[in-house]
Structure formats: structure tokens, C-alpha cells
Amino acid sequence: MTTTLPPLPPDVADLLRALDAPPRLVAHLALVGEVAERIAEFCAGEGLAFDREAVRYGAATHDIGKTAHPEELSGPGSRHEAAGHALLRSHGVPEHLARFARSHASWGEPGVTVEELLVSLADKAWKNKRVRDLEDLVVDRLAAATGRERWEAFLALDDLLTAIGEDAPRRLAVQAAHPVRTG
Ligand SMILES: [Fe+2]
């Protein structure tokens, strides 16, 4: 099995190196980033307007707070969310790019942006986890942007997520091949 990772944005790769991020975390961010690209490509093709760079940056950094809470790499926990946001802000990352680190698990909140929904969706789809309420929120945005019926937008998104899901075992294996600890 090849464990070559998809590329991260160069500034994010530099930051992760400076933080001595665990290889498992770098792998996770790269793999979610790859899936976010596929989702963004699809949504752009459907006519959805959004900040593609923000989705790219958000997917590549959403779990960066786990550099401060490495126990949340192998166990549950949400302390990495606020920590990741604070960490990015302290490195001068603007709010519209830093927000994903805090928001990636709270897509039901009022005022959630389409970019945040797409990052949250990628963070589930990479391992073929289907989350109906999250998908419904994305379908709402797609239907509004295209004027299509919701069921039609859902079927198109479902096709994409099914195709992405077929690759999930490979991504899980690649991630697992990267150690939780640095060094
Ligand atoms: Fe994640």
C-alpha cells in the first residue's frame, strides 16, 4: 500500500512542521483536504458560490488544535476545537480561515456558512460516515443555488458521497499507517 499523502497548502504544511504535528494528524488533514477538494469541485460545478480557498484552508487545519490535545487524536474530545481556533489566530490567521478549527463539529449552529458545512461534510465523508442532518443542510444550499428540487440535489450529492465512500478503506489504512506520536 502506498502511504503517499495528498499535498497540503504550503503555508499549512509549514505551520504543522513548526508545531511538530504528529504524523497521524498531518495524514488526517491531508486526506480530509483531498475529500474537501472533491466536494468543492462538485459544488462549484453545481453552481454553488463559495470561497474555495477557505474550504481548502479549513479542511487542512480543522483539527490543528490536536497538536495541543494529542489525546484527542486517538480518543474522543472537543478541547481541540477552541484550542485550534486560538492557535491559528495567534499565528495571524484571519478569522474567516481560522473559524473552521472551532466550528467543524457544530454544523447545526445558527449562522453556519456554506464553507463550514463543506469542511464538516468532508470530515465525515473521508471515512464514509453519512450524517443525514449535515447532508440536508448542504442539500438546502445546493437546491437554493441551482433552483433544483431538493430530492434532485440530494441524489446528486448522494452519488458523490457514495463514490467518495468507496475509497474510505484506503484512506483509513493510509491514516492508520502514520504514527500518533512524533519522532
Ligand atoms: Fe477531522
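This report describes the nonpolar core, the helices and the charged pairs of a predicted model.

## Basis

The model is predicted, and local features need pLDDT of at least 70, side-chain atom pairs count only at pLDDT 80 or more, and totals for chains, interfaces and linings use all residues. Residues are numbered from 1 along each chain as its sequence is written, and side-chain values use heavy atoms, with hydrogens and water left out.

## The nonpolar core

In soluble globular proteins, nonpolar side chains tend to be buried together. A nonpolar core here is a set of buried Ala, Val, Leu, Ile, Met, Phe, Trp, Tyr and Cys residues joined through side-chain atoms within 4.5 Å. Buried means under 20% relative accessible area, exposed means over 50%, and partly exposed lies in between (1.4 Å probe, protein chains only).

The largest nonpolar core has 55 residues, and the members that touch the most others are Ile39, Cys43, Phe50, Leu88, Leu118, Leu142 and Leu157. At least two core residues come from each of H1 (10–18), H2 (23–45), H3 (52–61), H5 (79–90), H6 (95–103), H7 (114–125), H8 (132–146) and H9 (150–166). H2 gives the most, with 10 residues. Helices (H or I, at least four residues) are DSSP runs, numbered from the N terminus.

Not counting residues up to four places away in sequence, leucine 118 touches Ile39, Cys43, Phe50, Val55 and Val138. Contact means heavy atoms within 4.5 Å.

Threonine 61 lies in helix H3 and counts as buried, at 1% relative accessibility. Leaving aside neighbours within four places in sequence, threonine 61 is in contact with Val12, Leu29, Leu88, Leu97 and Ala101.

The 17 residues of H9 should span 24 Å at 1.5 Å a residue, and the end C-alpha atoms are 24 Å apart, which agrees. The expected span is 1.5 Å times one less than the number of residues. Among the buried residues of H9 are Phe154, Leu157, Leu160 and Ile164. The buried residues of H9 pack against H2, H7, H8 and helix H10 (168–176).

## Salt bridges

Side chains of opposite charge can pair when their charged atoms come close. A salt bridge is a side-chain nitrogen of Lys or Arg within 4 Å of a carboxyl oxygen of Asp or Glu. The structure holds 20 salt bridges. In one of them, arginine 56 pairs with glutamate 37, with the closest N and O atoms 2.7 Å apart. Arginine 56 lies in helix H3 and glutamate 37 in helix H2, so this pair ties together parts that are 19 residues apart in sequence. Arginine 56 is partly exposed, with a relative accessible area of 29%, and glutamate 37 is partly exposed at 26%.

Lysine 66 and aspartate 63 meet in a salt bridge at 3.6 Å, N to O. Lysine 66 counts as buried at 13% relative accessibility, and aspartate 63 counts as buried at 4%. Arginine 79 and glutamate 72 form a salt bridge at 4.0 Å, N to O. Here arginine 79 is exposed at 53% relative accessibility, whereas glutamate 72 is buried at 5%. Salt bridges that share partners join Glu37, Glu41, Arg52, Glu53 and Arg56 into one network.

## A charge over a ring

Arginine 132 lies over the face of phenylalanine 154, at 4.4 Å from the ring centre. A charge sits over a ring if NZ of Lys or CZ of Arg is within 6 Å of the ring centre and within 35 degrees of the ring normal.
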